[in-house]
Amino acid sequence: MSWFVYILRCADDTLYTGITTDCARRVVQHNSGKGAKYTRNRTPVTLIYNETSDSRSSASVREYQIKRLTRKQKLTLIAEQKKG
């Protein structure tokens with residue numbers, strides 16, 4: 001089973017980072033108010049970045065790394081993925 005680290009752009013232009021095994025399902029959950037508390041009042045959300053991890057553990061580590069980035073660094077990460 002693959003795990004994904006993902007970044008959402010919220011309606012208020014903030015960024016939310018999380019992990020899941022199914023990005024599409026998770027976006028639906030966030031948009032229906034059943035996702036993270038952070039996104040409940042910031043819908044709709046849009047998936048703008050995702051990367052694959054081999055395990056939940058490695059996805060969690062990567063999620064933590066991304067959450068520690070500044071907004072500018074996150075936007076650079078997203079832009080680099082779009083280029084590649």
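R62 is partly exposed, at a relative accessible area of 22% (partly exposed lies between buried, under 20% relative accessible area, and exposed, over 50%, with a 1.4 Å probe and protein chains only). The model here is a predicted one, where local features need pLDDT of at least 70 and side-chain atom pairs count only at pLDDT 80 or more, while totals for chains, interfaces and linings use all residues. Residues are numbered from 1 along each chain as its sequence is written, and side-chain values use heavy atoms, with hydrogens and water left out.

Back to R62: its side chain meets that of E51 in a salt bridge, at 2.7 Å from N to O (a salt bridge being a side-chain nitrogen of Lys or Arg within 4 Å of a carboxyl oxygen of Asp or Glu). E51 sits in strand β3 and R62 in helix α3 (residues 56–67), eleven residues apart (helices are DSSP runs of H or I with at least four residues, strands runs of E with at least two, numbered from the N terminus). E51 counts as buried, at 18% relative accessibility.

In total, the structure holds five salt bridges. Another of them pairs D12 with R42, at 2.9 Å from N to O. D12 lies in the loop between β1 (3–9) and β2 (15–20) and R42 in the loop between α2 (37–40) and β3 (46–53), so this pair ties together parts 30 residues apart in sequence. D12 is partly exposed at 41%, and R42 is partly exposed at 25%.

Then there is R71, which forms a salt bridge with D13, their closest N and O atoms being 3.1 Å apart. R71 belongs to helix α4 (residues 71–83) and D13 to the loop between β1 and β2, 58 residues away. Salt bridges with shared partners also join R9, D13 and R71 into one network.
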